[in-house]
Amino acid sequence: MRIDKSSALIGRVAASGDTLQADFTGASGNPVSVLLPFDQAKELTTFLPKLLTDALRLRTQNDEARFVFALDKWKIEITSDSRLTVTMTSPDGFEVSFGMAHQECLALARALRTEAEWPSDRAEASIKRTRLPQIGDSARGVPVPECFDSPK
Amino acid sequence: MEIRSQKLATCGVTADGETINLDLFDTDGTRISLNLPFEQAGALAMTLPHLLTVAVRVRTGDDAARFVFTLGEWRVECADDQRTMIVTLKTDDGFEASFGMPVDICRSLAGALKLDARYIADRVKQTFN
């Protein structure tokens, strides 16, 4: 089922909070509503950015292309279990929150500081772990059930 | 048309990168293939985290609740212009988001993170003393 390219997407949440709904317009002009249980929406949220990066690389023919949101606002909160939640928001409304332990937070702060102090001297990125994202391996139309395993 | 997903099946990108294909099974067990143009898939990806947060608030009855990803790894790099820092935060299950920011904002964020991390570290230390 083909979805129209230019119509506005409307997102909703059921009154129970258990189902998320995405309202599209089909290519033939008919409304198409996709209802996802919370857990499936969570899985799709996790997986979709990888697919988009893969698509972007195919569109641009650039294997290093990726989405980078401009940072508009950020917020750091301390949770009751002594962890930190960092929320980053882009000007166009994309907002994502990451929870981390204080040690990770401190290490991230150090890396940010280091890069900010000597950006032109840094030929390579500061990488906390050597494992880099394997984007696109699973995005060629083959069955990828592992992609939709419930996030831990 | 209303599609109630029972199970997500497969996914893929067309060779030209213009379309994201999402296959799912509806509640009748019928396999449905959704062909999302790149722009619509992008809109969905941007909308979903917010919807998850709304859902968490409804489910918990707490207006301050939010959907939080657990940080798995991160990466900080300098963009080619040497003035923009790119921070990529990732979860262990594959979600990632990259944000670009000017150097001065990067410093501010670093300072705030350090301050809050130290506050937590002190609090944890006091708890154990």
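This is a predicted model: local features need pLDDT of at least 70, side-chain atom pairs count only at pLDDT 80 or more; totals for chains, interfaces and linings use all residues.
## Extent of the interface

Chain A and chain B together bury about 9,400 Å², and carbon and sulfur atoms account for 68% of that area. On the side of chain A, the residues that lose the most area to chain B are Met1(A), Arg59(A) and Phe98(A), which together make up 8% of what that side buries. The contact involves 110 residues from chain A and 95 residues from chain B.

## Polar and charged links

Between chain A and chain B there are five salt bridges. In a salt bridge between Arg59(A) and Glu18(B), the side chains meet at 2.9 Å, N to O. The helix α1(A) gives the most to the side of chain A that touches chain B, contributing 19 residues. Sorted by class, that side of chain A holds 61 nonpolar, 24 polar and 25 charged residues.

Polar contacts also join the two chains: 29 residue pairs are counted between chain A and chain B, with both residues at pLDDT 80 or more.

## The largest nonpolar core

In soluble globular proteins, nonpolar side chains tend to be buried together. In this model, the largest nonpolar core has 77 residues. Those touching the most other members are Phe24(A), Leu108(A) and Leu112(A) from chain A, with Ile20(B), Leu44(B) and Leu113(B) from chain B. Helix α1 of chain A, residues 38-60, supplies the largest share of this core, 10 residues.

How values were computed: Residues are numbered from 1 along each chain as its sequence is written. Chains are lettered from A and ligands numbered from 1 in the order in which they are written. Side-chain values use heavy atoms; hydrogens and water are left out. A nonpolar core is a set of buried Ala, Val, Leu, Ile, Met, Phe, Trp, Tyr and Cys residues joined through side-chain atoms within 4.5 Å. Buried means under 20% relative accessible area, exposed over 50%, partly exposed in between (1.4 Å probe, protein chains only). Helices (H or I, at least four residues) and strands (E, at least two) are DSSP runs, numbered from the N terminus. Contact means heavy atoms within 4.5 Å. Buried area is the accessible area (1.4 Å probe) that two parts lose on being put together, summed over both. A salt bridge is a side-chain nitrogen of Lys or Arg within 4 Å of a carboxyl oxygen of Asp or Glu. A polar contact is a pair of N or O atoms within 3.5 Å; within protein, one must be able to donate a hydrogen and the other to accept it, and residues adjacent in sequence count only if both atoms are side-chain atoms. Ala, Val, Leu, Ile, Met, Phe, Trp, Tyr, Cys and Pro count as nonpolar, Asp, Glu, Lys and Arg as charged, and the others, Gly among them, as polar.
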